[in-house]
Amino acid sequence: MGRPEVPGQLQATFVPDAEVPGKGRMAFWGTPDPVAHAAALGLRVPLAGPGAGLPVVLPAGDLLVGAEVPALLVPLGEALAALAGLPSADPSSGGPRLGASVHAWAVAAKLALEHVVAGHLTPVLSPGKEGHAYAHWRADRGGDPRLAALAEVLPAAAHALRIPADGTGTQDGAEDVRVCAPHELLGAFCDAVADFCARAAADDGAPGARPHATAAVRTGDWPDAWLEALTGGAESAVVTASGAPPAERLTAWAGSAAGEHVPVRLCLRLGLPAGPDAPWPLTFHLQTVDEPALLVPAQRVWTTQSATLTLGSGVLDRPQDVLAEGLALAARTFRPVAGALSLSHPVQAMLTPYETAELLGDGGTALRTAGIEVLVPDGLDEPGNVLGPRLRVGSRRGGRPADRKNTKKTGPHGRTVTYRWEAVVGDETLTSDEVAALAERGEPLAPWRDRWVRLDCTRIDELAALVGSSGRLSMAEALSVVLCGRHHTEEFGEVPALADGSVAELVTALRELGNGGEPELTGVRAELRDYQRRGVAWLQSLTGLGFGALLADDMGLGKTLQTIALIASRTGELPNLVVCPTSVMSNWERELARFAPGLSVRRHHGPRRAVSADDFQPGDVVVTSYALLRLDAELLTSLDWNLVVLDEAQQIKNHAAQTARAAARLAARQRVALTGTPVENRLSELWSIMNFTNPGLLGSHRRFKERFADPIEREGETEAAERLRAVIGPFVLRRLKSAVVDELPPKLESTVACNLTAEQATLYRSAVAAAFDTDGGLGTGLRRHGNVLRLLTELKQICNHPVQYLRRGEQTGEERLAGRSGKLARATEMLSEAVAAGDRVLVFTQYRVMGELLSRHLVAELGLDHVPFLHGGTRVEERDRMVEAFQHDETASPVLVISLKAGGFGLNLTRAAHVLHYDRWWNPAVEQQATDRAHRLGQTRTVHVHKLVTADTFEERIDALLESKRSLADAVVGTSETWLSELDDAALRDLVQLADSGVDE
């Protein structure tokens, strides 16, 4: 069972009072700070009371579990004003984003107030404790179909309230609990609105003022006491009087006076025609809301001689009026019903096939929205009962893809396969004669074999002409089509697709790749873990079929070792190429020598690197960098490679960059990409990597954006996300450390708040004022974008250290560092403790200047001979020495300062027990990569991760924002701080403004 999933948007639910309805309250919850978020509704939050714990149910994986969430409990009068004034939900309005439950209760509030204004109120005397009775008002809803319809679509969050099974309240600790049913909670809400409004009108007091008072006891003659209790505030609700009739009799009288015992609605029931050319009968019924299976035919309603009608165990008053009102509404909503109303006692309407088709589509939707139920024959309105086109993709001619090698192409991607058009209903294929017969009939509903089917009679001739015709697709496009089951065509738009012949065989083989085959470990000297053996088998099987692979295992799970096993198992007819960041080249050479000593490894780097294709021999493993992939692109793309491996493949995430274009030009039998973060910021990065491993699988970049990226990123379409997963699934292997490595030690993360010094605070305020208070402010367009990023960079540098911002003395080392930065002081304290305990620490910063300042300062403060700083300008040989010393030399510095971009990937630094992020990249994926230099296989100690932020500055606020986003979708807001430039001036100023509490005097 997973952790409960908190919605992340403001939600609402009604909390009824067990004794006096008007004392019920509206609970706002769903976010970490519902008090602040509820202010967007116009609630007078400071007057509404403090936050409280609300017992609810939340999804946790496939289960629902009980949880207590922070909530703002608002008196009914205060909540009514806010909800009734809330406009309809409009995602494009730019207003605050509220959960669907808030908008649902806004609708309920307006409907309840309609009944109050119409005078649909009845007094009630309910039994209470110790012989008392409670006087209150209830709403006579009269079987309002709108409330019934709202109950059916009420969002889960709107009634997620846990209450005791006897319905007596929400006491803590109750063992036998249940969740409020939608219709039950809506009914309680309407009664509460009626009770509150009636008392407020009688009392002529301020809304929301009195319903929270303690109930007083009214005695005397019961009619007078009852009347006084009904017209006073909620504190007057308790009645004790002599001679009062039993409360049950008064409740029964109230129900009779209200004229509503059983909530009902109109139900239209479609029947099948008597023959191929007969009309479709639509019969009229009354249907009970609580028992939908109970239908009363209109004939029985019209022939009743009584003012009431018995329905099951209940009674309906004025049944003929209710039926007539429902039919009038139905006629206004769905015109074909109007023709039947010319009769005095209509019982049915006879529909044409076109009218029936409308009923099965928009007409039926409109009726249900109006609160009228529509019943149709089983299967008639199901999506699979529609005649439509389908593509059958594949041919039984030709060999398997692995049998057709082309060294200039990636596996089978140069092949084409045939497809042909067919007409189907569900999974059943129609013959061309059957399609022609249906086309000749020319109606939207037609008999076919043993049932009635739906069809588009305006396009059936076009479909009939296409059936049996064929075309060709590239193998990559064909696989994409059949894996997601859809293809976009010029003729019919999105069309279902089915694999056949050789394509079906290939798809079966792809889907069976993860079924536990054993790897071939020729020439590998290593004990592989079980999940690594499965990874090698997957790589060998997929490349054996002629396809590229994306190995996206979590960082630290041994992607390098699995790839070495793949290289060692392949023939030596051609050389192999490994492209990686410069800082990782030595690691690849060491790992190749250690695990596959029989392979010939050649470094392509430095002034003496190869200049001719003849310098590369069959079977060689050539290791080079991304920089040289660009610089020597003419040489490297002129060779035929056996296997090309891109390590840290996020380096080609920008498909338009020179690196990605050079990688795409490499000619290889197969291509493999390795990365722990296939998507750092946006889906186009995944497209770039997948287009390298399997060109054409995801189509062009433009088509990918239209088909997948935009619907998923902008609209949150789950269907598009599922289709994308289906397409890439066979070609991507992703395992998380938490799922496959039980013995990996824990990782403890903490955010450490540091105060600014007075000097830093002065510089911080000056930078903010200079940005906002000058003529023109931040500007607009690209100028604003640049000014925002410049401001944030300046504030970051000030929070790090004044010297970094002022840029004086960093080269001479003469500037005084101690005592000027609260963050530096806190980091020094923490590092001193770690070094004194004998621990080793990695310190990450994104700025080279700050790294040099840290290195110099820590030497002086910690009494160390040297604190190395690994950055982008460090030569490869020096990087290797730094890593080797940190990992194995007992006399080496226990502290290693690293530039985040230069050391955020590819390094194995498991000697560290602490990771300190001195300044933040504001991209969780990038920070995670850096942290996993220590938290990876080979680590035996708990890794403590410390993230420094300055208190009451924009650093602390952005950190909180990112943490809240992680709980929703583990989202990445963007590269660096570019996303912040989209905020308006007011929001941005609120974000960066400095509070005095974060300053050390």
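This is a predicted model: local features need pLDDT of at least 70, side-chain atom pairs count only at pLDDT 80 or more; totals for chains, interfaces and linings use all residues.
Over the ring of which residue does the charged end of Arg840 sit, and how far is it from the ring centre? The charged end of Arg840 sits over the ring of Phe886, 5.7 Å from its centre, where a charge counts as sitting over a ring if NZ of Lys or CZ of Arg is within 6 Å of the ring centre and within 35 degrees of the ring normal. Residues are numbered from 1 along each chain as its sequence is written, and side-chain values use heavy atoms, with hydrogens and water left out.

The structure holds eight aromatic pairs, a pair being rings of Phe, Tyr and Trp (its six-membered ring) with centres within 6.5 Å, called stacked if the planes are under 30 degrees apart, edge-to-face if over 60 and tilted for the rest. Trp421 and Phe492 form a tilted pair, with 6.2 Å from centre to centre and 50° between the planes. Trp421 belongs to strand S19 (residues 416–425) and Phe492 to the loop between strand S24 (486–489) and strand S25 (493–499), so the pair ties together parts that are 71 residues apart in sequence; helices (H or I, at least four residues) and strands (E, at least two) are DSSP runs, numbered from the N terminus. Both Trp421 and Phe492 are buried, a term for under 20% relative accessible area, with exposed meaning over 50% and partly exposed in between (1.4 Å probe, protein chains only). The pair of Phe704 and Phe708 is also tilted, because the ring centres are 5.7 Å apart and the planes stand at 50°. These two residues are four apart in helix H23 (residues 701–715), which means that about one helical turn separates Phe704 and Phe708. Phe14, Trp105 and Phe189 form one aromatic cluster.

The largest nonpolar core has 108 residues, of which Val393, Trp588 and Trp641 touch the most other members; such a core is a set of buried Ala, Val, Leu, Ile, Met, Phe, Trp, Tyr and Cys residues joined through side-chain atoms within 4.5 Å. Helix H14 (residues 475–484) supplies the largest share of this core, seven residues. Beyond its neighbours within four places in sequence, Val393 is in contact (heavy atoms within 4.5 Å) with residues including Val417, Tyr419, Leu473, Ala478 and Val503. A second, separate core of 57 residues includes Phe28, Ala151, Ile163 and Val193.

Gln760 is placed in helix H26 (residues 758–773) and is buried, with a relative accessible area of 0%. A polar atom of the Gln760 side chain lies 3.1 Å from the backbone oxygen of Cys799, and a polar contact of 3.5 Å joins the side chains of Gln760 and Ser821. Here a polar contact is a pair of N or O atoms within 3.5 Å; within protein, one must be able to donate a hydrogen and the other to accept it, and residues adjacent in sequence count only if both atoms are side-chain atoms. Pro319, in helix H10 (residues 319–333), counts as buried at 2% relative accessibility. The C-alpha atoms of Pro319 and Leu309, 10 residues apart along the chain, are separated by 6.4 Å.
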